[in-house]
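Please read them alongside the sequence and the coordinates.

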Amino acid sequence: MTRWFPALAATVFALAIWQSVVGLTDLPRFILPGPVLVAETWWQNRWLIAEHTAVTALEVLIGLACGAVLGVATALQLASSRIARVLVQPMLVFTQALPVFALAPILTLWLGYGLWSKVAMAVLIIYFPITAAFFDGLMRTPVGYLDLARTMQASPRAVLWHIRVPAALPQLASGLRLAAVYAPIGAVIGEWVGASKGLGYLMLLANGRAKTDLMFAAMLTLGVLSVLLHLAMRRATRRMAGER
Amino acid sequence: MTPAPAITVTGSASIDGAPLFAPLTLSLKAARWTCLLGGSGVGKSTVLRLIAGLETGAEFHGTITASDGAPVMERVAYMSQDDLLLPWATVAQNMALGARLRGEQVDRARLDDLLRRVRLSDHAAKRPAELSGGQRQRVALARTLMEDKPVVLLDEPFSALDARTRADMQELAAELLAGRTVLLVTHDPAEAARLGHSIQVMTGGGLTPVAPPTARMPRAVDDTETLECQGALMRMLREGGR
């Protein structure tokens with residue numbers, strides 16, 4: 001209760017400011033709809049929004065799973081092979097210098113209008129944070145552990161599985177938590193560029209028809225989805241992060 | 001365990017061309033405790049790490065040999081000031097780390113016996129964070145003993161403990177490591193005086209052997225001769241300049 005109270009109070013406060021700005025300025029509803037109107041619109045369109053939310057959520061979850069597997073595999077490969085580090089690391093950094101947004105149209109061209117171009121966007125966005133976080137953890141194993149393992153005649157493989165990976169799990173957990181927030185952004189970018197379903201598509205559609213209230217309703221739903229995903233990921237990675 | 005060999009280190013070490021220690025010869029007697037006493041930065045830990053085959057950051061010119069001619073590196077167990085317990089593993093798992101890393105079967109009976117000897121039988125399933133500093137260092141000692149190696153290298157293993165726990169640990173280690181060739185690196189004259197079958201003071205000038213007290217080790221903390229030896233060692237450390 002005490003943990004949620006400040007967040008609740010802040011939300012109510014923000015809504016009150018929003019409503020009073022709308023009330024005082026008398027802006028037309030297609031410029032800035034008030035929270036009450038947005039809530040009404042949300043309720044009237046709840047099934048429509050739910051349907052599109054389900055699509056986006058599915059894209060995000062598949063993207064998270066694929067991105068996590070790819071990121072973990074890359075980090076393990078980089079950590080266990082010097083050659084991989086020398087060859088792949090600069091390339092990995094270079095790909096991060098490219099704007100992922102610019103890739104969205106080409107991904108749609110390659111993978112089509114459906115689910116997979118959005119999954120690919122989500123994967124592209126979260127792959128690097130997960131790889132970087134886990135790899136960083138794998139390379140920062142306390143030196144004392146490695147010394148101890150050496151005097152125990154451990155093979156590099158055994159050291160990786162029994163010491164370096166468990167020691168790096170907290171960093172992997174932070175990478176995954178970050179990814180849970182980024183993944184919906186990736187999926188929505190994909191939907192903006194070309195889609196017939198999903199919250200990104202719905203927002204674009206509502207905007208085009210000056211249904212700003214519906215646009216806000218979809219956007220806030222996306223926000224809530226991201227926050228819930230982040231909280232779920234926090235919970236799921238609590239043991240991994242070494243929290244009680 | 002194979003019979004404990006004597007170890008001889010002969011040589012000099014430098015870091016980026018600057019000498020760390022001048023040519024020296026350190027002999028560890030078989031099945032005896034040798035205490036290497038010195039201040040920070042004289043290279044005493046480097047000597048220990050060289051024997052263990054660990055990274056030192058220094059260039060070593062010389063040889064490390066065992067009296068039986070067999071290789072040294074794979075016959076050492078190592079214990080440091082930091083207990084190096086894996087925080088995610090239980091006490092028992094930490095003790096069995098060596099076997100797990102080598103993919104060997106864990107000797108359960110031996111593990112239970114050692115747990116009893118370090119008086120931690122009730123703590124086998126606990127994680128390191130639930131233990132006191134002294135208990136953690138006892139787990140580290142038990143893990144060192146699980147390795148059952150004839151040569152044991154101790155790098156200031158008791159220096160982070162409070163005075164009373166340290167004295168207890170010194171006695172426990174002396175009892176449990178009997179029969180092995182032990183190198184104890186320490187900056188504490190009292191510890192060297194209590195535990196050394198032979199004592200070497202390391203300063204910038206090299207090694208100086210000091211006659212140990214005549215009493216059997218571990219010597220009583222208030223043994224007069226041991227206290228005198230401690231005082232003499234302290235004086236040498238201070239006159240050594242570092």
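The points below take chain A, then a sheet and a helix of chain B.

1. The model is predicted, not experimental, and the points that follow should be read on that basis.

2. Chain A is helical: it has ten helices and zero strands. Read from the N terminus, its elements run α-α-α-α-α-α-α-α-α-α. The C-alpha trace of chain A spans about 75 × 50 × 30 Å along its principal axes.

3. Of the 244 residues in chain A, 38% are buried. Among the contacts in chain A with a separation of 6 or more, 78% are between residues 24 or more positions apart.

4. Chain B contains an open sheet of six strands with mixed pairing, in the order β5-β6-β7-β3-β8-β9. Its edge strands are β5 (76-80) and β9 (206-210) of chain B, each of which pairs on one side only. On average, neighbouring strands of this sheet are turned by 20° against each other, direction ignored.

5. Is helix α1 of chain B enclosed or open? Eight of the nine residues of this helix (residues 44-52) are buried, so α1 of chain B is largely enclosed by the rest of the structure. The buried residues of α1(B) include B:Val47, B:Leu48, B:Leu50 and B:Ile51, and also B:Lys44 and B:Arg49.

6. After α1(B) comes B:Gly53, which has a positive phi, near 75°.

Definitions and conventions:
Residues numbered from 1 in each chain as written. Chains lettered and ligands numbered in written order. Predicted model: local features only at pLDDT ≥ 70, side-chain atom pairs only at ≥ 80, totals over all residues. Buried ≥ 20, exposed ≤ 12 C-beta atoms within 10 Å, placed from the backbone. Helix = DSSP H or I, 4+ residues; strand = E, 2+ residues; numbered from the N terminus. Contact = placed C-beta atoms within 7 Å. Pairing = 2+ DSSP bridges. Axes fitted to C-alpha atoms, helices over the stretch in contact; angles between N-to-C directions.
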